[in-house]
Amino acid sequence: MRGLFAVAMSLCLCGGAALAQQGAGSTVPLESADQGYPLYPHPGLARVEPIETRHTPPEQVVAGLSRDSVAITASFDGSEILIYGAVKRETPIPEGDPLQVVVTVEAPAQPLTIWRKDRKVGIWINSESVDVGAAPGFYAVATSGPLDDILDPAFDNRYRISLPLALRAFGGEVNVDDVVPYTEALVRLRTQNGLYRLDEGSVKVVDQTLFRADVRLPANLIEGNYKTRIFLLRGGEVVDMYLAPIEVRKVGLERWLYRLAFDQPLIYGLMSLLVAVAAGWGASEAFRKLRRA
Amino acid sequence: MQIYLPIAEVSVNAFTLTGLGGLVGLMSGLFGVGGGFLITPLLFFIGIPPAIAVATGANQVVASSVSGVLAHVKRKTVDFRMGGVLLAGGLVGSWMGVWVFTILQEVGQVDLVVQLCYVVFLGLIGAMMLQESLRALRRSKNPTYRKRLHQHMWVHRWPVKMKFRSSGLYISIFPPLMVGVAVGVLAAIMGVGGGFIMVPAMIYLLGMPTKVVVGTSLFQITFVTAFTTLMHAISYNTVDIMLAVLLIVGGVIGAQIGTTLGAKLRAEQLRILLALLVLLVCGKLALDLFLRPDELYSISVGER
């Protein structure tokens, strides 16, 4: 992981530096442009999923999810998703490295700012910052083995599988010397909160054909269309990829309050006040009666 | 029992929140402070996004101050006329403060300014109150000392004088108006009701008797925080009603217990307690500013 992390970080750095030269909105060419895909596309653009169109891969994923939607209710406390599947192949199991599986689940990306505190006139204040155009609010990677051993960095770059690569596009100008500690901090902070996760060895593969992964979605979910990706790997190379959406929506009271707050803010605000005043008055009266009794 | 908050989009323990509300409500009833200066940092601490913590904190303060002010109205310890003048200033100040807050947010220095404001004001007020109440306590043991009703300062002799009967004052309306504006500005920037500044300001700057200070301050806080809540709900959609209800349930009960308790304690003791509390919060915040933080980096979500 250490080595991969360093590679990823240096790429982040190149991307950031190049972006600073060209200004926002440009796609940054790679140091090895022959790979032919944008490393840090503009945050406004959808991520282009590279699809192997040249030939049908010899091994293909067939997969299912235990659920394709998650309802956020008032008592929502996280959710467990079982991702299972099999490998479809016309030929016998190839010799050599065993089949490996990587499963990623990611939340919609949001723009964010990473701040760094510095000591100025004796006090610690936010001084420098890096804007990240799009970082997923939640990102989990489950693998069947140590990620460093089973995934080639070139393929990691291409499919953006590992955590640091899941962060995209530094928005605007980068005006710090080195963005690496910033992205590291983002990954570290979100890993501490359980929002970014790498579960190595949690995908179970049976006879190089069947696999299953249990991914736990935390309680602090945001709404949106989540994306599940399943990668088949052999000898570090991605053989096939499977995409499945998961829809995360608020329901019932949660949905009603949320919509009211955004569609009718005045009514919502007055309702909040009414609740507050009623509760305050109610308690005052209740205690008066209690004291008399 | 975990509960998912629809606006904050985080899942929290319902009992933790109710307990938090209760604690802050107790302070509110006891000292006549809204408790915002405690609730807002506590909400940050349990992982509520700052903007939502500020707005919802204001909503919770409305409930606990309504509960407290009603108890004071029954005991006739609210100076409505003074409250009205302070309120007029407070609304203007609050509006100005929200405008400043927006600018600070854009340059990413909200946390710093908020913390600095807390340290400076809490430190000054805490020290002033502690010294004054210790002196008062010493005097009360020495019955030969007779205190003047209140000190007249030159600002009190400005034009447009008004009689504040409940407070026993006949002073210009400008000093209370200015106190109102100043508290309003600070309240909006710091995301609090401003009681912890208002109470000492009323005692030391306006010379109001301690008896009516708490009730009058709660009266003003109720309206200023209601205004703030509404403004946050309309312009930023950051009031989380689910979070507010949980805090309120604890808060209103705490406020009632606090008011009852406050009637039994002596004013000087009450003031020493509040002074110590204020200094405690101040010390904690000052340490955060001057010591090297464990985590230098922080994340703020959203477009800048």
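User: How many bridges join strand 5 of chain A to strand 5 (residues 297–301) of chain B, and do the strands run parallel or antiparallel?

Analyst: Two strands pair if DSSP finds at least two bridges between them; strands (E, at least two residues) and helices (H or I, at least four) are DSSP runs, numbered from the N terminus. Here 5 bridges join the two strands, which run antiparallel. Within strand 5 of chain B, V301(B) is the bridge partner of L112(A). This is a predicted model, in which local features need pLDDT of at least 70, side-chain atom pairs count only at pLDDT 80 or more, and totals for chains, interfaces and linings use all residues. Residues are numbered from 1 along each chain as its sequence is written, with chains lettered from A and ligands numbered from 1 in the order in which they are written.

User: How many residues of chain A are in contact with chain B?

Analyst: Two residues are in contact if their C-beta atoms, placed from the backbone, lie within 7 Å. In this model, 49 residues of chain A contact 48 residues of chain B. Helix 7 of chain A supplies the largest share of chain A's side, 16 residues.

User: Where does Q208(A) lie, and why is it classed as partly exposed?

Analyst: A residue is buried with 20 or more other C-beta atoms within 10 Å of its own, exposed with 12 or fewer, and partly exposed in between. Q208(A) lies in the loop between strand 10 (204–206) and strand 11 (210–217) of chain A. Q208(A) is partly exposed because 17 other C-beta atoms lie within 10 Å. Beyond its neighbours within four places in sequence, Q208(A) is in contact with V87(A), I93(A), P98(A) and L99(A).
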